[in-house]
Amino acid sequence: MESRALVLLLVPLASLFLLLGSTSAQLSVNYYSKRCPNAEEIVRKEMIQILSVAPSLAGPFLRLHFHDCFVRGCDGSVLLDSTPGNKAEKKALPNLTLRGFGSVERVKAKLEKACPNTVSCADVLALMARDAVWLRKGPTWPVSLGRRDGRVSYANETNQLPPPQADLTQLIQMFAVKGLDLKDLVVLSGAHTIGTAHCSSISDRLYNFTGLDNLSDVDPFLEKHYLAKLRSTCSPTDTKTIIEMDPGSFKTFDTSYFNYVAKRRSAFHSDWALLTDNFTRAYILKHANGFESEFFQDFAESMIKMGNVDVLTGSQGEIRKKCSIVN
């Protein structure tokens with residue numbers, strides 16, 4: 001499997017390393033080469049074991065990294081528990097459906113045993129997200145390392161996370177604040193190919209799109225057969241049921257998500273919104289018909305950009321011993 005992914009990105013690797021060179025000067029793909037030379041191997045080994053038992057966690061690991069980077073930058077703040085007097089990010093409404101925290105602690109514990117006080121939780125998230133994609137037959141990419149962990153986490157700052165109900169203008173603005181452009185927006189949305197969603201995240205599209213709160217108040221942009229299928233699965237008050245965002249293929253990282261969006265069969269309104277812009281629409285329609293290697297290259301580049309949003313380095317922050325609590 002490894003040779004497949006490496007061959008896939010062999011030609012574009014030069015451009016990826018050029019992109020890495022434009023990120024924080026204190027991050028490096030060789031950051032742990034002397035202090036913890038087996039760090040990436042340890043993470044990869046644990047990820048293989050975790051996903052062999054729970055393959056549906058690949059999407060949640062990727063989502064954890066995304067939710068971490070969009071609030072306070074990629075500093076591991078999404079992993080912190082609440083404390084008396086402070087409600088942390090993970091307890092905010094957008095994060096209540098996050099999964100995989102136990103697995104992150106498992107990987108961190110292995111790293112602490114091999115290299116105490118060395119590898120940050122923020123770096124663990126970046127590596128786990130990369131390996132989650134690769135282990136679901138997606139691309140791999142070099143991860144710059146050396147992030148430090150933040151010491152605070154505030155629930156009210158999760159309003160920086162793009163909601164599933166967002167329109168294109170809102171999405172563009174929220175990505176731009178993080179230094180991510182229109183192409184990054186449509187490319188990173190492709191991660192939904194291995195994503196799942198709770199019925200509560202889409203119930204407004206099915207039953208209460210404009211606030212009328214009746215069976216006729218549906219999102220008119222949902223394809224009618226897909227609407228009927230979603231309604232057969234999700235009741236108006238369902239908060240527990242999980243649906244696949246790329247039905248039939250959500251355990252494989254591929255371009256089939258774009259095919260669903262092109263047919264107006266995307267679960268989130270924010271995914272449909274990508275069809276309202278000429279550039280993002282063209283990208284979706286092109287990749288709905290293949291061009292997988294191009295998408296893989298684009299995804300690798302956008303993940304590198306996102307993984308370096310507002311990182312802490314040098315003497316900033318700390319290296320947590322456990323990811324859920326500060327030292």
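At 28% relative accessibility, Arg-265 is partly exposed, where buried means under 20% relative accessible area, exposed over 50%, and partly exposed in between (1.4 Å probe, protein chains only). The model is predicted, so local features need pLDDT of at least 70 and side-chain atom pairs count only at pLDDT 80 or more, while totals for chains, interfaces and linings use all residues. Residues are numbered from 1 along each chain as its sequence is written, and side-chain values use heavy atoms, with hydrogens and water left out.

**Arg-265 and its partner**
- Arg-265 forms a salt bridge (a side-chain nitrogen of Lys or Arg within 4 Å of a carboxyl oxygen of Asp or Glu) with Glu-223, at 3.3 Å between the closest N and O atoms.
- Glu-223 lies in the loop between α9 (203–207) and α10 (224–233), and Arg-265 in the loop between α11 (256–262) and α12 (269–272), 42 residues apart; helices (H or I, at least four residues) are DSSP runs, numbered from the N terminus.
- Glu-223 is buried, at 11% relative accessible area.

- Lys-183 and Asp-298 meet in a salt bridge of 3.2 Å, N to O.
- This pair joins helix α8 (residues 182–189) to helix α14 (residues 292–306), across 115 residues.
- Lys-183 is partly exposed at 32%, whereas Asp-298 is buried at 7%.

**A buried pair**
- Asp-123 and Arg-147 form a salt bridge with closest N and O atoms 2.7 Å apart.
- Asp-123 is buried at 0% relative accessible area, and Arg-147 is buried at 2%.

**Total and network**
- The structure holds 15 salt bridges.
- Glu-40, Arg-44, Arg-130 and Asp-131 are linked in a salt-bridge network.

Definitions and conventions: Helix = DSSP H or I, 4+ residues; strand = E, 2+ residues; numbered from the N terminus.
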